[in-house]
Amino acid sequence: MTIRYPNGRPFQPAKASSTHKRKKIDYSNRGMTLESDINETNSYYLTHGRAVIHKKPTPVQIVNVDYPKRSAAVIKEAYFKQPSTTDYNGVYRGKYLDFEAKETRNKTSFPIQNFHEHQMEHMKKVLAQDGICFVIVRFTTFDETYLLDASHVIKAFETKETKRKSIPKSYIDSYGHLIKIGYHPRVDYLHVVDQVYFS
């Protein structure tokens with residue numbers, strides 16, 4: 001199967017040689033750490049009946065399918081579509097919950113360029129319907145993970161062209177909420193959601 005980006009370029013996963021294996025484990029996969037932690041946490045929540053929250057699949061447009069036999073269709077060519085919303089959504093305590101998860105190695109700020117216009121529009125619509133909407137931000141250098149209400153991210157995004165291109169870490173320290181990292185669940189963000197949105 002050939003999967004292509006919207007610009008037509010074929011997707012080719014990077015291959016690591018054995019000499020760079022340790023480096024890949026330590027650094028290259030760090031971008032997936034927060035996502036893995038949240039996925040594991042969501043599985044814990046689901047198993048224990050706390051919430052139903054899932055990662056949204058990346059939209060793919062299938063353009064070529066081979067049918068060698070009726071019971072075995074093979075996708076030969078597909079394209080990644082532009083994601084239309086945020087990473088996660090679900091239901092918790094009778095409320096719709098929606099959030100994006102991002103990581104940065106930056107020590108002093110979180111780059112606004114990590115977000116897209118369509119994500120801002122989606123978060124605005126969720127807030128307008130009285131849904132719970134936020135961003136989970138991890139500063140990998142400090143191993144600190146925060147929950148920041150979507151309203152702060154939207155405000156920063158709308159002023160990025162004129163005032164700033166990032167959210168200072170000091171701002172996130174002040175207006176965000178530190179999420180403790182544990183074992184089960186790994187990233188207990190619902191504990192913070194309880195304090196911020198239900199207290």
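Me: What counts as a polar contact here?

Reply: A polar contact is a pair of N or O atoms within 3.5 Å, and within protein one must be able to donate a hydrogen and the other to accept it.

Me: Where is threonine 86 found?

Reply: In the loop between β4 (72-80) and β5 (88-92). Leaving out residues up to four places away in sequence, threonine 86 touches Lys56, Asp98, Phe99, Glu100, His122 and Met123.

Me: Why does threonine 86 count as buried?

Reply: Buried means under 20% relative accessible area. Threonine 86 counts as buried because its relative accessibility is 5%.

Me: How much of the protein counts as buried?

Reply: Of the 199 residues, 34%. The accessible surface comes to about 12300 Å², and carbon and sulfur atoms hold 50% of that surface.

Me: What is the mean pLDDT of the protein?

Reply: The mean is 83, and 76% of the residues reach 70 or more. Over residues 16-31 the pLDDT is below 50. Beyond near neighbours in sequence, that stretch has nine contacts in the model. Where pLDDT is low, the predicted coordinates should not be read in detail.

Me: Now the sheet. What is the order of its strands?

Reply: Start with the general idea. Strands of a sheet pair through backbone hydrogen bonds, either parallel or antiparallel. Here an open sheet of six strands has the order β2-β5-β6-β8-β9-β11, with mixed pairing. At the edges are β2 (52-55) and β11, each pairing on one side only. The protein as a whole has six helices and eleven strands.

Me: Which pairs are parallel or antiparallel?

Reply: β6 and β8 are parallel, over eight bridges. Lysine 102 stands opposite valine 137 in β8. β8 and β9 (residues 144-149) run antiparallel, with six bridges. There, isoleucine 136 stands opposite leucine 147 in β9. β2 and β5 are antiparallel as well, over four bridges. The bridge partner of valine 52 is valine 91 in β5.

Me: Are the faces of β8 covered or open?

Reply: In a regular strand the side chains alternate between the two faces of the sheet. In β8 both faces are covered. Ile132, Phe134, Ile136 and Arg138 are buried on one side. Eight of the eight residues of β8 (residues 132-139) are buried.

Me: Which helices lie on these strands?

Reply: α3 lies across β6 and β8, at about 150° to β6. α6 packs on the sheet and touches β2, β5, β6, β8, β9 and β11. The direction of α6 makes about 130° with that of β8.

Me: Which residues of α4 are buried?

Reply: An α-helix has 3.6 residues a turn, so residues three or four places apart point the same way. In α4 (residues 150-158), the buried residues are Ala150, His152, Val153, Ile154, Ala156 and Phe157. Their cover includes α3 (117-128), β8, β9, β10 (166-168) and α5 (169-175).

Me: Which residues have a positive phi, and where is a cis peptide bond?

Reply: Most residues other than glycine have a negative phi, and most peptide bonds are trans. Arginine 93 is not a glycine, yet its phi is positive, about 50°. Arginine 93 lies in the loop between β5 and β6. Aspartate 143 also has a positive phi, of about 55°. Aspartate 143 belongs to the hairpin of β8 and β9, which has four residues between the strands. The bond from histidine 184 to proline 185 is cis, with omega near -5°. Proline 185 is in the loop between β11 (177-178) and α6 (189-197).

Me: What does the side chain of asparagine 106 reach?

Reply: Asparagine 106 is in the loop between β6 (95-104) and β7 (109-111). Its side chain reaches the backbone nitrogen of threonine 108 at 2.9 Å. The backbone nitrogen of serine 109 is reached at 3.1 Å. Asparagine 106 is partly exposed, with a relative accessible area of 28%.

Me: How far apart are asparagine 106 and threonine 140?

Reply: They are 34 residues apart in sequence and 8.1 Å apart in space, C-alpha to C-alpha. For the protein, take the contacts with a separation of 6 or more: residues 24 or more positions apart account for 65% of them.

Terms used
Residues numbered from 1 in each chain as written. Predicted model: local features only at pLDDT ≥ 70, side-chain atom pairs only at ≥ 80, totals over all residues. Heavy atoms only, no water. pLDDT = per-residue confidence, 0-100. Contact = heavy atoms within 4.5 Å. Helix = DSSP H or I, 4+ residues; strand = E, 2+ residues; numbered from the N terminus. Buried < 20%, exposed > 50% of the residue type's maximum accessible area, 1.4 Å probe, protein only. Pairing = 2+ DSSP bridges. Areas by Shrake-Rupley, 256 points an atom, 1.4 Å probe, with all protein chains shown as cover. Axes fitted to C-alpha atoms, helices over the stretch in contact; angles between N-to-C directions.
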